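Please work through each task before reading its solution.

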Amino acid sequence: MKQDLQNHLKDFATLKSKYKATKYPDSSPSSLLYLILRKFDLGIEITEIEFSWLKERELFETYEYIYQQQEYKSAEIKKLEIDYQPKSHHPYTLMGAICFERYQYSKGEYWFEEAIKRGANPRDMDSEIRRVVKNTKDENKRQEVVNYLLKKDPQRYSWAKFYCKNVKPIR
């Protein structure tokens, strides 16, 4: 447990440095700043409330960096949706997979639904998700997506149980 705390403290210091928030005095892993920076670092969109919190604490460099990155990602997605084969399901399938790789599951599901509307087979979506799970190197991240899938539909994603940390191999 002490090792976990040390890892979180080190991670927080790294994130503060990376996102120009070193002047913020709190170094506790329970800090909202740590949660915001981890969330952003994982590719999860920051909420308006979290942006306001950064502004209130005068973390303007951090705020600007995160805001610009999110705007850039949004523009990329909009460009893909308008410019690239809007009637084809392929770009939508790709976007769904990319979002799952970034741990943005609800966005990924949105893109997969759009792909299905354009003729994609739902089994293809499942294959893409399975590929993402299989190729995830970070065990904690893999467990996160597996938990998400099993919570969402344990029947449909029963294959994901194979990737659970607590499952013992069958002999």
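**Exercise 1.** Is Phe162 buried or exposed?

*Solution.* The model is predicted, so local features need pLDDT of at least 70 and side-chain atom pairs count only at pLDDT 80 or more, while totals for chains, interfaces and linings use all residues. Residues are numbered from 1 along each chain as its sequence is written, and side-chain values use heavy atoms, with hydrogens and water left out.

Step 1. Buried means under 20% relative accessible area, exposed over 50%, and partly exposed in between (1.4 Å probe, protein chains only).
Step 2. Phe162 has a relative accessible area of 66% and is therefore exposed.

**Exercise 2.** Describe the edge-to-face pairing of Tyr157 with Trp159, and then that of Phe162 with Tyr163.

*Solution.* Step 1. Rings of Phe, Tyr and Trp (its six-membered ring) pair if their centres lie within 6.5 Å; planes under 30 degrees apart count as stacked, over 60 as edge-to-face and the rest as tilted.
Step 1. The whole structure holds 12 aromatic pairs. Among them, Tyr157 and Trp159 are edge-to-face, at 6.3 Å centre to centre with 75 degrees between the planes.
Step 2. Tyr157 is buried at 2%, and Trp159 is buried at 13%.
Step 3. Phe162 and Tyr163 are also edge-to-face, at 5.1 Å centre to centre and 90 degrees between the planes. Tyr163 is buried, at 18%.

**Exercise 3.** Which residues does Thr136 touch, leaving aside those up to four places away in sequence?

*Solution.* Step 1. Contact means heavy atoms within 4.5 Å.
Step 1. On this basis, Thr136 touches Tyr103, Lys141 and Arg142.
Step 2. With 8% relative accessibility, Thr136 is buried.
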